[in-house]
Amino acid sequence: MEKICLYLAMGGAVILLFMFFFSTRGVVDYSRFKSRQEKLEAQVAIAESQNSKLEKEILKLKTDIEYIKHLAKHEHEMAAQDELVFKEKSKNQGAEK
């Protein structure tokens, strides 16, 4: 009877040690995964914000002629047919002639 109690006590100790090590690892893994999840959620929020801005820009490009004219004029240095464009000569251009 004493041997059985001794084996049960040793088995219980082994089980407790096993649970202790794996439950600690479980907590470590949980906190690591939780941190990674928070980082990924932040990245998703940024991507959704950028996506929303791009969708608004696409809508403007499809529907807003004034916005298209603005982009053509200011970002692509284009002019309408009836516009005159005056450019300032740089100092280097005047010296070459």
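This is a predicted model: local features need pLDDT of at least 70, side-chain atom pairs count only at pLDDT 80 or more; totals for chains, interfaces and linings use all residues.
**Entry 1: Tyr7**

Is Tyr7 buried or exposed? I looked this up before anything else. Tyr7 is exposed, because its relative accessible area is 56% and the cut-off for exposed is over 50%. I then checked where the residue sits, and found Tyr7 in helix α1, which covers residues 2-63.

I noted a mean pLDDT of 85 for the chain, with 87% of the residues at 70 or more. Among the elements, helix α2 (residues 65-74) has the highest mean pLDDT, 90. Helix α3 (residues 91-96) has the lowest, 63.

**Entry 2: the overall layout**

I counted the secondary structure next and got 3 helices and 0 strands. Read from the N terminus, the elements run α-α-α. I also wanted to know how much of the chain is tucked away: of its 97 residues, 3% count as buried. The chain exposes about 9,800 Å², and carbon and sulfur atoms supply 63% of that area.

**Entry 3: salt bridges**

How many salt bridges does a search of the whole structure find? It finds 2, and I took them one at a time.

The pair I opened with is Lys69 and Glu66, whose side chains meet in a salt bridge at 3.8 Å, N to O. Both residues lie in helix α2, 3 residues apart, which is about one turn of the helix. I checked the accessibility of Lys69 as well: at 49% it counts as partly exposed, because the exposed class needs over 50%.

Then I turned to Glu83 and Lys73, whose side chains meet in a salt bridge at 3.0 Å, N to O. This pair links distant parts of the chain, with Glu83 in the loop between α2 and α3 and Lys73 in helix α2, 10 residues apart. Glu83 has a relative accessibility of 31%, so it counts as partly exposed. Lys73 is partly exposed too, with a relative accessible area of 43%.

**Entry 4: what I am keeping**

Note on methods. Residues are numbered from 1 along each chain as its sequence is written. Side-chain values use heavy atoms; hydrogens and water are left out. pLDDT is the predictor's confidence in each residue, from 0 to 100. Helices (H or I, at least four residues) and strands (E, at least two) are DSSP runs, numbered from the N terminus. Buried means under 20% relative accessible area, exposed over 50%, partly exposed in between (1.4 Å probe, protein chains only). A salt bridge is a side-chain nitrogen of Lys or Arg within 4 Å of a carboxyl oxygen of Asp or Glu. Accessible areas come from the Shrake-Rupley method with a 1.4 Å probe; for residues, only the protein chains shown count as cover.
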